[in-house]
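Dear colleague,

Please find below the structure that I am handing over to you, together with its sequence. A summary of the findings comes after it.

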Amino acid sequence: MRHFRHVRHAAGDPMPKTSRLPLKVGTAALAAALLLALSPAARSEDKADPFAPLPEAPKINEARAKLGEKLFFDPRLSGDTQHSCSSCHDPAKGWGDGQALSMGYTGVEYFRNAPPLFNVAGRKYLMWDGRLDGADLGTLVRDMLTEAHTMNADTRMVQERLKQVPEYVELFDKGFGGDPYGGKIYGAVAEYLKTIRTTNAPFDRHLKGDKKALNEAQARGMKLFAGKAGCASCHNGPLLTDQSLHALGVAENPMIDADAARQTTMLRHFATMGTPNYMNLRDDVGNYVVSKDSKDLGKFITPSLWDIGQTAPYMHNGTLPNLEAVINFYNQGGGTHPNKDERLKPLNLSKKEKADLAAFLKSLTGDKPTVAKPALPEYGLRTVGKN
Amino acid sequence: MTTKTAFATAGLAALLLSGTALAGGYPDLAPLPPVSSPADNPTTPEKVELGRKLFWDGRLSGNGSMACVACHRPDLGWGTGGAISLGYPGTQHWRKSQTILNSAYYNKLFWDGASTSLENQASAAAAGAIAGNGDDAMMEMRLRVVPEYVTAFKQVFGTEWPNIDDAWKAIAAFQRTIVTDAAKVPFDRFTKGDATAISDDAKRGLDLFKGKAGCISCHNGTLLSDQKFYDTGVPDNPVFQSDPVFQITLRWQHYQKGVSEQYYRTGTTDDGLYYVTLNPQDKGKFRTPSLREIGWTGPYMHNGVFDTLEQVVDFYDKGGGEARSGTKVLKPLGLSEQERKDLLAFLGTLSMEQQLLMADPALPESKPLPRPGAASNQSPAVTPASSHQHPLHPMPVTAPAQKKD
């Protein structure tokens with residue numbers, strides 16, 4: 001896809017090297033384009049398997065990840081020490097916040113859904129509008145810490161706070177060598193993010209050879225997903241996403257029009273991205289803020305479907321409260337938008353087919369995370385000359 | 001005397017300080033002249049009224065609740081009344097909150113003179129991590145969803161939408177109205193010819209101020225400040241040795257001000273003007289504060305270490321403290337008990353007899369912008385959060401509340 005600077009999957013490639021897929025991540029765009037050209041009839045005859053098991057766990061630097069876990073839960077990484085990453089990415093809420101629109105920083109109301117973090121390490125793009133490079137989790141962390149609508153921190157202040165915590169000083173030295181410093185803070189949290197993965201999802205077990213992993217309804221749903229319902233044309237590959245951007249015509253969330261605070265964060269985001277005519281925008285323009293190309297108005301990244309049972313509500317603005325609503329949305333051919341993906345057509349699913357599809361979607365959900373908030377180390381007094 | 005000539009004469013005052021002569025040669029102690037406004041930000045009543053609201057409006061901060069007024073409260077001498085200012089929630093400030101009163105007359109703002117205009121100072125305070133921690137784009141957009149502000153900015157600045165730089169201009173214009181009323185200041189009435197306006201004690205104190213005590217060598221002119229920077233050896237506020245959050249702030253300041261790594265790792269004190277010039281000779285220098293309204297603006301010094309004016313007089317009587325440079329600019333004064341009392345009596349004549357109080361203005365409401373072409377007036381209004389409460393302030397305010405006489 002155009003407009004994105006770095007598309008690399010060399011180190012820590014989430015794709016198995018000997019993929020049985022025709023859809024290598026590097027060629028996902030091409031594959032998506034091919035699928036786009038296929039008629040539904042041609043697609044149903046397509047023998048290509050759109051599925052692949054979850055990628056192997058990336059290599060983890062344990063010392064950094066352990067430090068990153070504490071930092072992930074530590075509100076001292078925010079401007080007013082009231083928000084940690086976990087405030088909006090709560091493991092108990094599918095690593096999101098369970099709200100349609102995320103709450104954002106103190107005195108702020110955010111304008112998009114807090115995306116779940118399952119398997120976040122394998123992405124091509126990050127953020128709903130695809131504005132960040134998926135290969136660079138450190139930059140994602142920096143963005144979340146510093147953005148006025150998320151954690152609003154001066155990272156020099158965060159750095160000095162962490163240097164005031166003897167245990168952190170030790171952990172940074174162990175993990176990186178030397179003092180806490182901006183880049184190391186982002187790197188430690190990024191390392192921890194790599195550990196957040198789907199575990200024990202029935203469909204993953206199925207793909208890895210467990211013949212009993214899916215029940216009959218789920219197995220029928222899988223066929224619909226790959227065939228008649230067309231889901232797999234975007235939700236494919238090991239992360240069940242084509243890692244691309246599409247307009248579906250999801251309705252605007254009326255909370256944005258109704259709430260000046262949410263409108264404020266949205267328009268401010270558009271303004272800071274240099275979006276043309278931002279004061280007159282009222283719809284969420286999605287990837288347009290990156291490309292400034294009207295063909296990208298209303299386009300958002302295809303989310304991964306792993307663990308979807310833990311991550312309601314759905315869509316970039318949380319307007320679909322449950323999976324049934326999502327299925328109905330696609331069954332009617334999506335919503336209305338000038339850039340709507342041409343593949344979205346009414347599906348004419350029967351009630352049974354919808355139930356089968358829902359059953360299959362549930363098989364994408366793994367275990368609930370068992371992560372608990374770690375004990376956070378306390379400030380100590382300074383040792384002059386040392387910190 | 002115009003402000004301009006007062007500034008010109010301040011240079012002479014500095015020359016004299018290094019010599020021995022203290023009598024005469026200093027700009028006159030006289031009532032303040034009318035405030036002038038810069039050519040690019042003329043004061044108008046509409047601008048002042050807009051600025052007054054913005055001064056109270058927490059929208060101009062990161063969390064929506066740290067308005068200017070949070071640390072510059074009229075009922076606390078337009079400061080916080082504490083030794084060291086509050087700081088943004090989760091942080092701690094490192095210096096005393098200076099009064100807004102007569103800030104219009106300073107040519108530089110902040111204790112170390114880091115800012116050269118009220119407009120610039122407002123912007124810096126609203127953005128600083130230990131003060132407002134606001135993001136310009138966010139603050140600006142918050143103003144744009146307030147219909148009353150959109151109208152007022154258009155009227156005052158002629159722009160379609162509020163621009164954040166104009167918000168600082170309006171606040172500066174408002175601050176230029178927060179000044180001493182000479183008619184309420186005994187000393188100003190005295191200099192205008194009312195010999196009964198101050199007591200005999202105070203008159204003797206004035207002589208000391210201009211003579212033996214040498215105060216006038218820095219506290220001169222209409223503002224009772226030469227606007228210059230000195231290291232008088234004010235002791236450190238001990239809280240920087242006992243409270244980790246203060247230590248974090250000090251190091252953060254050093255980090256962001258671009259000092260050497262050696263200094264960053266070993267610096268334990270506030271070096272004032274040094275951070276602006278990075279000239280080692282400027283270590284420990286702070287701008288001479290105005291003595292006007294001193295009765296309402298304690299505690300004293302850049303770090304609020306002195307609760308009372310008695311302590312301040314004692315400090316100077318002893319010849320000040322340990323200067324960072326090792327060279328003392330002050331000498332012991334040898335004041336008698338009576339002289340100290342007289343000096344204090346004089347200092348007591350420099351403030352208005354009533355505080356300049358101001359009621360909280362009603363803040364306008366936010367309202368979502370209508371869709372272009374849609375009929376407006378259909379969206380529910382959202383009431384802004386109270387502007388100067390700190391419901392989320394997690395740190396105890398370690399500076400003890402000060403009782404004033």
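This is a predicted model: local features need pLDDT of at least 70, side-chain atom pairs count only at pLDDT 80 or more; totals for chains, interfaces and linings use all residues.

Domains of chain A

Chain A is divided into three parts: domain 1 (40-56 + 202-249 + 299-362), domain 2 (62-193) and domain 3 (254-294). Between domain 1 of chain A and domain 2 of chain A, the distance separating the C-alpha centres is 30 Å. In the contact of these two domains, domain 1 of chain A takes part with 19 residues and domain 2 of chain A with 18 residues. On the domain 1 side of this contact, 10 residues are nonpolar, 8 are polar and 1 is charged.

Helix α3 of chain A

Helix α3 of chain A spans residues 62-72, and its buried residues are R64(A), L67(A), G68(A), E69(A), K70(A), L71(A) and F72(A). These buried residues pack against three helices of chain A, namely α4 (85-88), α7 (166-175) and α8 (182-193).

Contact between the chains

Chain B contributes 39 residues to the contact, and chain A contributes 35 residues. On the chain B side, the elements giving two or more residues are α4 (136-144), α10 (244-256) and α11 (261-266) of chain B. The largest share of that side, 7 residues, belongs to α10(B). By residue class, the chain B side consists of 20 nonpolar, 13 polar and 6 charged residues.

Backbone features

Most peptide bonds are trans, and most residues other than glycine have a negative phi. The following cases depart from this pattern.

In chain A, the peptide bond from A312(A) to P313(A) is cis, with omega near -5 degrees. P313(A) is located in the loop between β4 (300-301) and α14 (323-331) of chain A. In chain B, G298(B) and P299(B) are joined by a cis peptide bond with omega about -10 degrees. P299(B) is located in the loop between β2 (286-287) and α13 (309-317) of chain B.

T81(A), a residue other than glycine, has a positive phi near 55 degrees, and it is placed in the loop between α3 and α4 of chain A. N348(A), which is not a glycine either, has a positive phi of about 55 degrees and is placed in the loop between α14 and α15 (351-362) of chain A.

Are these two residues buried or exposed? T81(A) counts as buried because it has 24 C-beta neighbours inside 10 Å. N348(A) counts as exposed because it has 10 C-beta neighbours inside 10 Å.

Yours sincerely

Note on methods:
Residues are numbered from 1 along each chain as its sequence is written. Chains are lettered from A and ligands numbered from 1 in the order in which they are written. Domain bounds come from an automatic or database domain assignment. Two residues are in contact if their C-beta atoms, placed from the backbone, lie within 7 Å. Ala, Val, Leu, Ile, Met, Phe, Trp, Tyr, Cys and Pro count as nonpolar, Asp, Glu, Lys and Arg as charged, and the others, Gly among them, as polar. A residue is buried if 20 or more other C-beta atoms lie within 10 Å of its own, exposed if 12 or fewer, and partly exposed in between; C-beta atoms are placed from the backbone. Helices (H or I, at least four residues) and strands (E, at least two) are DSSP runs, numbered from the N terminus.
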